[in-house]
Amino acid sequence: MLRFAAIFSACLTLAFPTSAQQTDAPIQQLLQSQSELIVESSRVTIGPAIDALANSGLPAAQVVMDKWQTREMWVNAETGLFVYAEEVDGDALRIFDFADGSEIGVVPDDGFEQLKPNSGIRGLIGTALVQFQLSDTDPDTRRRALDAIERGAEESHLAALRASLAKEPDAVILARKQRLERLLTIAYGATNEERIVAIQSFDGDLGVDVRAALNPLVAVRVEAAETLPSDPDIGRSLDPGSDALPRNDAYALLVDADLAKPRISVEDQREALIANIADGQVAGIQVATLDSQTARDMAYAALADQGTVTAVATEAEVDERLSDHVFYERYIGAPPEVVAAALLALEAIENKVALNQAFDLGLDALSLASIYFLAAIGLAITFGVMGVINMAHGEFIMMGAYTGYVVQLFIPDYTLSILVAIPLAFAVTFGAGVAMERLVIRWLYHRPLETLLATFGISIALQQLAKNIFGTQARPLTAPGWLDGSLVINDIVSISYIRIAIFVLALLFLALFLFVMNRTRLGLEVRAVTQNPRMAASMGINPDKINMLTFGFGSGIAGIAGVAIGLYAKVTSEMGSDYIVQSFMTVVVGGVGNIWGTLLGATMVGFLQKGIEWFNPSNTLAAQTYMILFIILFIQFRPKGIIALKGRAAEA
Amino acid sequence: MSTLLEVSGVSVSFDGFKAINNLSFQIAERELRAVIGPNGAGKTTFMDIITGKTKPDEGRVIYGEKSVSLLKMSESKIAQAGVGRKFQRPTVFEDQSVFDNLMMALKKTRSPLAVLFFKPASEDNDKVAALAEQIGLSAALYRKSGELSHGQKQWLEIGMLLAQDPRLLLVDEPAAGMTPSEREHTTDILREAAKTRAVVVVEHDMEFVRRLNCKVTVLHEGSVLAEGSLDHVTKNQQVIEVYLGR
Amino acid sequence: MTDAALPRRQPIALRFPSVMIFLAILALFTVGVTILSEGFGIGVISTSFIKTLGKTLCLCLVALAMDLVWGYCGILSLGHMAFFGLGGYAIGMWLMYARTEIIVLESLSAAPLPPTPTEVSDGIASQIFGVVGASEFPPVWAFAHSLPLQLLAVVLVPGLLALVFGWLAFRSRVTGVYLSILTQAMTLALSLHLFQNDSGLRGNNGLSGLQNIPGLSDTPQSTVSIWFFWASAVALGLGYLLCAWVVSGKFGSVIRAIRDDEARVRFLGYPVEAFKLAIFTLTAVIAGIAGALYYPQAGIINPAEIAPIASIYLAVWVAIGGRGRLYGAVIGAAFVSLVSTWFTGGQAPDINLGFYTINWVDWWTVLLGVSFVCVTLFAPKGIGGLVDILIDRKSPSRHGADLGPDQGALREQEAEK
């Protein structure tokens, strides 16, 4: 059968005249010289063959390795010549010559054997290929090679990388190569000095890759010994039972090192006891009495004495063993000098990282403060200036956000829709505020507790109304494209554009508020009415109208704030109630009746919340809880807020 | 006569405005004293400081034979120590009867627990009845005090002060809004009260002050301008300037 | 009245006919409901409705507390439902522990070895805290095994919280709406805390299965519900007597005076802060007891029940019923909570407007909100005001100045504190 196949293939070879393969091309000769190893395809022995190819300096060597790696290299069973091929169909191949890449012809695949390198060999080939790719003429290939090294660096890459440095034409890629070379030097440098220099070159570098390169150097293994060794590679010593080394782990370490008897888990002990129940007894002890751990320990010890089970360490023994030994960390990632340099570098980096994180946290806090300020500024007018406590303020924020959502349903262009939504939201909530003032609040001036309850009634009605109209699921309010993304300052510090926009908006509102209150007729009249309504009325100001307009203005600002908050968070019927308590807190903490107080209050609340979150990042609920507690305590010490009006002005 | 209250070197300012400026004042036990002064002279603030409502920026307020400082005490502690105050506007608890108002003011232990388990003894009821007699409200004892006339409310408040049995009585414009006959009654009550305790009356009305027939202190811009009998101070050139203008 | 007659001390019930009438109605109601119940009577009223009625009685009790603190003392606390919830949590912890203990012991008794205490407590802990991914008892459960200690906690936890919070708030002279906002913040902080899984109280799952009273698994719910109904009625009756006693004497005089003019009371020599603190703490304890009776009937408690909105609803009930009178609070709580149950339970008929059908489950809250605004505006005395019209009681002429409960909350006075 075999013979028949051979004859058949020989006939076929004759039948399909192919262009002659260059048998004497240098690459073919090289392949022939390593032919045995290549065909054997063993991970252990293939090294010299790959090295020979890689070091040959032949341009075709890269093609060979490429094709070999992708299992496209075939060997002619008769001649032993190597070709690469693509399968035409199930049993025919189109073969090519390695020497010049020319097509030899289409042949049946019976005469050829495919080389199937295993993954280990493919890895070796890949590594060898990198040096070709690093010097490839196509910059994209070079970049891909660098990507590949960054993903999984190997020792051999270092030499290849160094070799390719001199020939690199592209400055950007060169810089990347140089950085990568230093990183690889840290890991694989031949001498300690070389590695230390490389480590020191990264002093204060915030890159994640640097930390990734340094961390393995300071890897430790926890060991135990009777006395603390004085080797240079010993790190800190650990106390069993501390967070770094739980008691059980420490003892397990001793057991593994055969320094102590094993222990038995409660479950295993129970199983062992159950397995040895005989006539309602375990080792002569009544089963019914085994209702405490001590009794079970005794029963087990009795079993062990009988030799039925293996003896285990008692708690006392565990304690004794643990106190007999010291536990310490041994640096296993690098020689001590390198470790010292790495530790130093890591510390410098960590300090810088902490600094940058603090800065980043500050930015976060600032943007949170802006949001609180936005939510609270309307209240600063209605509550702070007029003294009207409006529990439905949060619902005005919600109305503003829903206005934005509805506008986006009609105007698909996000930029335009936001520009339309802002004045519209102001108009809607201004109207709602005026209506509420006319219908409800003006009857309740000087009855603040009742105002609180009545506006609360409005609040729950509006909330349910929104639920009935828009449903309970969150509605999106999409920011324009140019607000997507974030301003990245470095690997740690970044801030999204939307937060910057909210910050700017908050500043604009502050300016608007100051302008309206201090520079306009309305502001003058508002101040007059709030200070002495009767006197203001006698001077021709209509307090009713002023109250109405002021309340409308405060509500309108809440509407705009709603649009801004909607961009940042989801629009739901409950979004208002998420902000109402914090908003009141902001105004109260800052000092009622003073916009700068509100600004300070928002800043304090924002920074406080972020600060608390920093201690416990996984838990924003806890942060809010502690923040509120802090504010309650704060009001103890400054009942009138940060900026308190004093004397008769406050009593008026 | 020993000094009951000594105010010395007291100053207080609101946002830069000096309401009281280095004020010193003394009153002896069982003395009746009138304090007069134009608007803004600091009369009410002066009372606020003594009763603990306003804390002065500097100065001392010493009270009683043990010479305790009132500055560190809360309003209620000062009141318990025997300083009673009647406000300019009558402030009685309008929702409650005259009897309840007086009973509340009656000198008794003020702690919540004592109040909760308080049961009026017959002498307490007698005392309330006597007070009502004194202020002419016997017939209105069980009416809600909100139903009383303005003058009756003033009396009720004076009655509440007397019920407190204070050693120092501060009275702010007691005659405001009273008919002439009511005023006369009020002077009688105050003079009667001054026989057993110190009474400080702040008043605008010179006629009323004249009828009190006592030493007068004139306040101006937060400090004492003149002190003496009414005739003496009304002859003082500065006082005339302040009252009549230049 | 004549001037000569000084009041003699009579039993509260005689001096205040409303107390007598209230207690009589409560007794009649309780007996009547029992006769109509499934457990002890002819079975006209379903067990679930008995529970609703029992719960309503507890709500009336907490409304009494609210009326005492707000209607009489002028402190609009938005924290009393938090105290109510804390009482519920305190009793719920024991109910849940004890019942789980029975289950765990039962399942472990089948094992070949008798269980050790650790195994039992681990079993209970993993049963209770499995939902929040924990298997150990948090420190707050230290006394959950003991009914007397947890009953003590029903009183002590709300009481101590109120004491500490009130002491802080009152000593810094926070009054009026500021105090309301502060109490609201406290409530929010508490509910946010309980919402966390690591609060030790099962996060937003809350405590459940509270209707199963340990040791009474053989007693039908119809019987248990009547027991709780009676307990609630007795608690309400005693609470009413207590409140009536507190507000009747000089103490009542003083707290109403504090409500109307706090500064003046201070100049009378009364330590206003101590009085407020006493009333705040007392009512917190009453609220805690009400909660401890409520939640075994409700069966489940979770942090949402503590959220500030619940406390605001409490104020709404009292306002609708008519604050400043004890029966007003009871009427308000009973009326609004029963009507609310009727509407939100889907029993109210939908209204078809042709183009839109008003579904009361969705629209009830809107109606409540609007009617609340209307009550505040047009009927500040609430339903209790009807009683005045019936017995033609007129409030004293105040010469144009309304010096009712609002007086204690004048803006001037708040601004200066």
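**Where helices α4 and α12 of chain C touch.** In this predicted model, H80(C), M81(C) and A82(C) of α4(C) meet A310(C), S311(C) and L314(C) of α12(C) (contact means C-beta atoms, placed from the backbone, within 7 Å). Both are helices in the DSSP sense (H or I runs of at least four residues; strands are E runs of at least two; both are numbered from the N terminus). How do the two helices sit against each other, and how far apart are their axes? Helix α4(C), residues 80-109, packs on α12(C) at an angle of about 115°, and the axes are 7 Å apart (axes are lines fitted to C-alpha atoms over the stretch in contact, with angles from 0 to 180 degrees between N-to-C directions). That angle is why α4(C) counts as roughly perpendicular to α12(C) (under 35 degrees is roughly parallel, over 145 roughly antiparallel, 65 to 115 roughly perpendicular, the rest oblique).

Residues are numbered from 1 along each chain as its sequence is written, chains are lettered from A and ligands numbered from 1 in the order written. Local features need pLDDT of at least 70 and side-chain atom pairs count only at pLDDT 80 or more, while totals for chains, interfaces and linings use all residues.

**Another helix pair in chain C: α3 with α11.** Here α3(C), residues 47-72, lies against α11(C), residues 272-298, at about 170°, and their axes are 9 Å apart. So the two helices, α3(C) and α11(C), run roughly antiparallel. On the α3(C) side you'll find, among others, K51(C), G54(C), C58(C), L61(C) and V69(C). Their partners in α11(C) include I279(C), F280(C), T283(C), Y294(C) and Q297(C). Sort the residues of the contact by class and you get 15 nonpolar, 3 polar and 2 charged.

**Chain C up against chain A.** This contact takes 53 residues from chain C and 49 residues from chain A. Which helices of chain C each supply at least two residues to its side? They are α5 (117-129), α7 (176-195), α12 (308-321), α14 (360-378) and α16 (411-416) of chain C. Helix α7(C) gives the largest share of that side, 14 residues. Split by class, the side of chain C that touches chain A has 34 nonpolar, 11 polar and 8 charged residues.

**Chain B up against chain C.** Chain B brings 31 residues to this contact and chain C brings 29 residues. On the chain B side, the elements giving two or more residues are α2 (75-80), α3 (98-105) and α4 (112-116) of chain B. That side of chain B divides into 12 nonpolar, 10 polar and 9 charged residues.

**Helix α18 of chain A and what covers it.** Helix α18(A), residues 414-439, has 26 residues and reaches 36 Å from its first C-alpha to its last. Its buried residues include S417(A), I418(A), F426(A), F430(A), M436(A) and E437(A) (buried means 20 or more other C-beta atoms, placed from the backbone, within 10 Å of a residue's own; exposed means 12 or fewer; partly exposed is in between). Their cover includes α17 (393-410), α19 (448-470) and α23 (543-568) of chain A.

Is T455(A) buried or exposed? It has 23 C-beta neighbours inside 10 Å, so T455(A) counts as buried. Not counting residues up to four places away in sequence, T455(A) touches I389(A), N390(A), M391(A) and A392(A). Its position is in helix α19 of chain A, and its C-alpha is separated by 8.1 Å from that of I441(A), 14 residues apart along the chain.

**K53(B), in a loop of chain B.** Look for K53(B) between α1 (43-51) and β4 (58-63) of chain B. It is partly exposed because it has 17 C-beta neighbours inside 10 Å. Leaving aside neighbours within four places in sequence, K53(B) is in contact with D48(B) and E75(B). The C-alpha atoms of K53(B) and E207(B) are separated by 30 Å, and these residues are 154 apart along the chain.

Most residues other than glycine have a negative phi. D165(B) has a positive phi near 55°, and so does N213(B), whose phi is also near 55°. D165(B) lies in the loop between α6 (150-164) and β7 (168-172) of chain B, and with 15 C-beta neighbours inside 10 Å it counts as partly exposed. N213(B) lies in the loop between α8 (206-212) and β9 (215-220) of chain B, and with 12 other C-beta atoms within 10 Å it is exposed.

Notes
The expected span of a helix is 1.5 Å times one less than its number of residues. Two residues are in contact if their C-beta atoms, placed from the backbone, lie within 7 Å. Ala, Val, Leu, Ile, Met, Phe, Trp, Tyr, Cys and Pro count as nonpolar, Asp, Glu, Lys and Arg as charged, and the others, Gly among them, as polar.
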